[in-house]
Structure formats: C-alpha cells, structure tokens
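Reader: I have a few questions about how the labels in this model were reached. Could you take me through them?

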Amino acid sequence: MDSIRFRLQVLLIVFSAVIILGTVGFMFTENLSILDAFYFSIITITTVGYGDIHPLTSEGKFLSIIMIVLGVGTFLGVVANVTEMILNKREKKIRLEKLNMVIGTFFSEVGTKLLEEFSALDKELKGIREALIITGDWSEKDFMHLNRMFHKYNSTLETQNYDLENLRSFLLMKRDFLLRLLENPMLLDHESFTELLRAVFHLTEELAYRENVKQLPDTDKAHLTGDIKRSYDLLVRHWLQYMKHLKDRYPYLFSLALRTVA
C-alpha cells in the first residue's frame with residue numbers, strides 16, 4: 001500500500017505539472033483566458049476532445065502533442081493507482097474482518113476463560129478493577145485510555161494456590177484448536193495476535209511436558225508463572241482491542257461479551 005501511495009503522489013505531481021504547463025502554454029500560444037486554457041488542457045489530457053476548441057497556431061499544436069504524450073499516460077497512471085488503492089483497501093478490510101472472526105473464535109474457545117482465571121491471580125488488579133468495567137457508553141477515547149494504562153501496567157500474579165492441573169487439562173483439550181489457529185495463513189497479517197497464540201501454545205507445551213504439576217520444584221513453578229504472566233498480559237491487550245471491534249461493528253456480540261466476562 002505504501003508503494004502504491006508513493007507512486008500515486010509522484011504521478012499526481014507530474015500530472016499537476018503537465019496541467020500547469022499546458023494552461024500557461026495555451027494562454028500564450030492560443031491567446032486564451034486562464035479558464036479556457038485550463039479547460040483545453042484537461043480535455044487534451046483526458047482525450048475527450050469536444051471539438052469546441054482546438055489549437056490554431058503551430059506552437060499550440062506542438063504543445064498539444066507534448067501534453068498528449070506526457071499527460072495521457074500520467075492521467076491513466078493516476079486512475080490505475082487510485083483504482084488499485086481502492087481495491088487493496090477493500091481487500092484489506094475483508095481480510096481484517098475474517099481475522100477478527102478468528103480472534104473472536106479464540107476468545108470464545110480459550111481466551112475468555114484464561115482471562116478470567118489469570119485475572120483472579122492478579123492481586124494488583126483489585127485497585128483498578130472499577131476502572132476496567134467496560135460499558136456500552138464507552139467511547140474510542142475510553143478504550144485508548146485503558147489500552148495505554150495496560151501498556152504501562154505491570155501485573156503481579158500469585159500462583160501458589162492456583163490449580164495448575166485444571167489449567168493443564170483445559171489447555172491440552174484445546175491443543176489441536178490452538179495449533180490450527182497458528183497454521184491459519186491470515187495470521188501473517190497480525191503479528192501481535194500471533195505472539196499471543198504462541199505464548200498460550202508455549203504455556204500448553206510447558207504444562208504438557210510436566211505430567212505431575214501438583215508437585216513441582218520452585219524453579220518450575222517460577223517458570224510457569226512467567227509463562228502465565230506473558231500470556232495474561234497479551235490476553236488483556238488483545239481482549240480490549242477485540243471488545244472495541246465488537247462495540248463498533250457488532251453491538252449484540254459486544255453486549256453478550258459484557259455479560260460473559262466479569
């Protein structure tokens with residue numbers, strides 16, 4: 001998209017220069033007013049040729065030839081690049097919509113449950129819990145403020161009494177689902193969400209590797225706590241983005257999500 005935008009900018013500069021050159025040139029060679037000269041330049045470049053005006057001098061005819069050679073190609077280039085930008089924007093919008101469906105499936109199957117369980121371990125969250133209550137009246141400014149808050153927020157998870165066996169069973173049950181999501185080619189367009197999936201899948205693999213999670217050495221407990229914290233931090237940020245998407249596009253799903261997530 002950036003390369004298309006750059007090409008369009010260059011073509012517009014050239015196109016504007018050709019029009020200015022033609023307008024000034026026709027004013028002097030054909031003794032036209034600025035409006036008539038501009039009008040003549042436009043119909044020459046676009047090859048419309050109404051026939052109500054045409055060059056009478058040799059200089060004007062020579063200028064028309066130059067404008068046709070330079071201007072027509074530039075004009076067609078502008079039209080082609082604008083069309084390509086519109087099509088790319090539409091295609092990107094479709095891809096983003098499909099990607100948000102994938103993200104929604106993730107939260108329905110895995111993300112929401114993990115977010116509820118991990119947030120219960122976050123003792124620092126109690127102090128700001130009221131500020132996190134999302135309502136239907138929230139504006140984009142509210143979501144941006146909360147998003148900035150969590151980018152600076154440092155969660156503290158207390159996992160001493162957390163039921164790792166239950167978490168292990170749940171994630172192993174969802175293991176194939178997570179793997180299929182990671183194989184989805186659409187995720188190439190969303191690196192940060194892929195990072196979340198990888199974090200959750202890594203946590204799943206770490207738990208799968210340990211058959212007995214009820215009796216773990218302190219080093220293993222600390223390692224798993226770090227994996228849970230990484231997944232939790234990413235979950236919160238993507239959940240906020242997903243909730244904003246639902247509020248903007250699917251209010252009925254947003255309402256359901258509000259009732260589902262505590």
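Reader: Happy to have it on screen. Where is the place of Leu114?

Author: Leu114 sits in helix α3, which covers residues 58-121. Do keep in mind that this is a predicted model.

Reader: Why is Leu114 called buried?

Author: Buried means under 20% relative accessible area. Leu114 has a relative accessible area of 1%, so the label buried applies.

Reader: Which residues is Leu114 in contact with, leaving aside its neighbours within four places in sequence?

Author: Those are Leu167, Phe170, Leu171, Val200 and Leu235. Contact here means heavy atoms within 4.5 Å. Along the chain, Leu114 and Tyr232 are 118 residues apart, while their C-alpha atoms are separated by 7.8 Å.

Reader: What describes the way α6 passes α7?

Author: The crossing is left-handed. The axes of α6 (residues 175-182) and α7 (residues 191-209) come within 10 Å and cross at roughly 145°. Among the residues making the contact are Leu178 and Leu182 of α6, with Leu197 and Val200 of α7.

Reader: How many residues of each class has the contact of α6 with α7?

Author: By class there are 8 nonpolar, 2 polar and 3 charged residues.

How values were computed: Residues are numbered from 1 along each chain as its sequence is written. This is a predicted model: local features need pLDDT of at least 70, side-chain atom pairs count only at pLDDT 80 or more; totals for chains, interfaces and linings use all residues. Side-chain values use heavy atoms; hydrogens and water are left out. Axes are lines fitted to C-alpha atoms, for helices over the stretch in contact, and angles run from 0 to 180 degrees between N-to-C directions. Helices (H or I, at least four residues) and strands (E, at least two) are DSSP runs, numbered from the N terminus. A crossing is left-handed if the near helix is turned anticlockwise from the far one by less than a right angle, and right-handed if clockwise. Ala, Val, Leu, Ile, Met, Phe, Trp, Tyr, Cys and Pro count as nonpolar, Asp, Glu, Lys and Arg as charged, and the others, Gly among them, as polar. Buried means under 20% relative accessible area, exposed over 50%, partly exposed in between (1.4 Å probe, protein chains only).
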